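Subject: Model handover and notes

Hi,

Here is the model I promised to pass on to you. Please open it alongside this message.

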Amino acid sequence: MNDALYDQAIIAEARSKTGAGRLEAPSITAECDNPLCGDRIALDLLVDGGKVADIAHKTRGCLLTQASASLLARHAKDASAADARELRDAVSAFLHGKDDERFAILTPVRNAKSRWDCVTLPFQALSDAISDLEKRS
Amino acid sequence: MNELRQDFPAYDTADGAFHFLDNAATSQICRPALEALVEFETNDRANVKRGVYARAERATNAFASARKAAAFFINAPSPDEVIFTSGATLGLNTAAHILQHHLESGEVILVSELEHHSNLVPWQLAAERRGAKVRAIPVTDDGRLDLDKLDDLADRVKIVAVTHTSNVTGAVTDVARLRSFCDATGALLVLDGAQRAPHGPLDVQALGCDMYAFSGHKAFGPTGIGVLWGRYDLLDSSPPFLGGGEMIRRVSIERSTFAPPPHRYEAGTPPIGGAIALAAALEWSMSQDWAALGAQERDLTEKMLNGLSDMCGCRLYGPTGTQQRVGVVSFELEDVHAHDVCQLMDSDHGVMLRGGHHCAQPLMDRFDTVATVRASLAPYSDQADVDALLNGLEAVRRKLA
């Protein structure tokens, strides 16, 4: 069952490294750790007019975290604060069984509860970044 | 097949694809321990030190015998120096609670970069409470305590609290050298024996330590039980850690006086079945030929080390030889995350490994890494386990690297 975790779609999404790197002048940076394994994501956002104009992440983690960070970079572009929180809640709801096309390639992770935090980590970083930004303004 | 597997119920129904190499996290329970647990819970289950009926007497006697067996296993001078805890973590927290009363502001607790968080965080908390400092013995490139640096670290050291055996590198600590250091400085010596206890009986008197903690579940006993041994005068020098039943002498609304050790540190109903089953596991251990088991472990460790060294893109952490170490081996595959390795090794190859920081983040920092894969042996490990490990890793590397 868990072998499906490493099917080609997830590996390809991780390898795509979508959004990998750092922004030169981010509006906000959030760092998030997975205390289970020490994995870490540093997420840079450039926010313009209340929307995510650009996004980049430096992800030190397993394939699942890297695939999830790539998915995040795809879906968080142009997101408002409300959209960002919706994304975080949606990935969690997806893992609990709610169908959602955006996360379809992560379906095998549903059966590996010990790895759910790997997938939610980037989305938590996004939510943290938005909250920090709101606190600041 | 390793004949010792007959003593381990986990192997009764296991098929060929059961390669349990996460023994440094939790070993399998041995049959005498499981049988003792069932026997107690079935025929003698009652609270201890209370009831006057025969069943309660049997429970009380079995619990007292368990304490004697634990004392015998570590060669403690007296069973009254043996405290039953929930595991090494509670043991080390209790040790830190007791010894903090010997700390003055500005004095130093010497730990090491090799420590499991269980033997680091309790001392940080104790230091904070007493205005003391925590200092660390560095670690050599091959994952051992760098004891050549001891003399530079000696100033105001009051407590030395280090691992007897590393849960990441498998290195066994040169305790004699630490004992000399403690004699010269007057420091107290605490050893975390969680990884040493599964490798045969111990002698706390010969080691010359002042306190020693270990867990039952890593030493072929049940979960939820462990042992803290301490010199009686030290145990008697501190107020209790936790309050409750079974640890008092006299209680009024205003104040209480406390029972002598070890009961002072065993508030509430103890894990009676766990203690009795642990005693059975320790007796099983004491009946083994550890010279032969040690040779078997060194042989399998050498095969693991050789196979991993030959593997393309594999980085080993810890000692490269088989002396003064146990069969705990940590490594990384280039460009493949430890958790990805562990997941595939289980699902595709039936090999159970641990990946992560192993509750030793300072050591991960020292090695400039985040997470390693760890394979750890037990007396029931065999050549087929090592073959499955090495063949499986090759396949994982081909799939993901």
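My notes on the model follow, with the conventions at the start.

This is a predicted model, in which local features need pLDDT of at least 70, side-chain atom pairs count only at pLDDT 80 or more, and totals for chains, interfaces and linings use all residues. Residues are numbered from 1 along each chain as its sequence is written, while chains are lettered from A and ligands numbered from 1 in the order in which they are written.

**The sheet of chain A**

Chain A has an open sheet of three strands in the order β1-β2-β3, with antiparallel pairing. Strands here are DSSP runs of E with at least two residues, helices are runs of H or I with at least four, and both are numbered from the N terminus. Two strands pair if DSSP finds at least two bridges between them. The edges are β1 (28–34) and β3 (51–60) of chain A, each pairing on one side only. Neighbouring strands of this sheet are turned by 20° against each other on average, direction ignored. (For such angles, axes are lines fitted to C-alpha atoms, for helices over the stretch in contact, and angles run from 0 to 180 degrees between N-to-C directions.)

Seven bridges link β1(A) with β2 (residues 39–48) of chain A. In that pairing, A:Asn34 has A:Asp39 as its bridge partner, and A:Ala30 stands opposite A:Leu43. The two strands form a hairpin with four residues between them, and A:Gly38 in the turn has a positive phi of about 85°. On the other pairing, β2(A) and β3(A) are antiparallel over nine bridges, with A:Val47 opposite A:Val52. Their hairpin has two residues between the strands, and A:Gly49 takes a positive phi near 60° there.

Helix α2 (residues 63–76) lies across β2 and β3 of chain A, at about 170° to β3(A). Helix α4 (residues 116–136) lies across β1, β2 and β3 of chain A, at about 145° to β1(A).

**The domains of chain B**

The domain assignment of chain B gives domain 1 (32–286) and domain 2 (289–400); such bounds come from an automatic or database domain assignment. The C-alpha centres of domain 1 and domain 2 of chain B lie 29 Å apart. Their contact takes 21 residues from domain 1 of chain B and 21 residues from domain 2 of chain B, where two residues are in contact if their C-beta atoms, placed from the backbone, lie within 7 Å.

In strand β5 (residues 157–163) of chain B sits B:Ile159.

Chain B has an open sheet of four strands in the order β11-β12-β15-β14, with antiparallel pairing. Its edge strands are β11 (314–317) and β14 of chain B, and the twist averages 30° from one strand to the next. Three bridges join β14(B) and β15(B), and B:Gly355 has B:Val373 as its bridge partner in β15(B). Helix α9 (residues 290–310) of chain B packs on the sheet, touching β11, β12 and β15, and its direction makes about 10° with that of β12(B).

Helix α10 (residues 338–349) of chain B has twelve residues and reaches 15 Å from its first C-alpha to its last, close to the 16 Å expected at 1.5 Å a residue; the expected span is 1.5 Å times one less than the number of residues. Buried residues of α10(B) include B:Val341, B:Leu344 and B:Met345. The cover over the buried residues of α10(B) includes α2 of chain A and α12 of chain B. After α10(B) comes B:Gly350, with a positive phi near 65°.

B:Val396 belongs to helix α12 (residues 383–400) of chain B. B:Val396 counts as buried because it has 23 C-beta neighbours inside 10 Å. Not counting residues up to four places away in sequence, B:Val396 touches B:Val336, B:Val341, B:Leu344 and B:Met345. The C-alpha atoms of B:Val396 and B:Val336 are 8.7 Å apart, although 60 residues separate them along the chain.

**Between the chains**

Chain A gives 13 residues and chain B 16 residues to their contact. On the side of chain A that touches chain B, seven residues are nonpolar, three polar and three charged. (Ala, Val, Leu, Ile, Met, Phe, Trp, Tyr, Cys and Pro count as nonpolar, Asp, Glu, Lys and Arg as charged, and the others, Gly among them, as polar.)

Best wishes

Note on methods: Buried ≥ 20, exposed ≤ 12 C-beta atoms within 10 Å, placed from the backbone.
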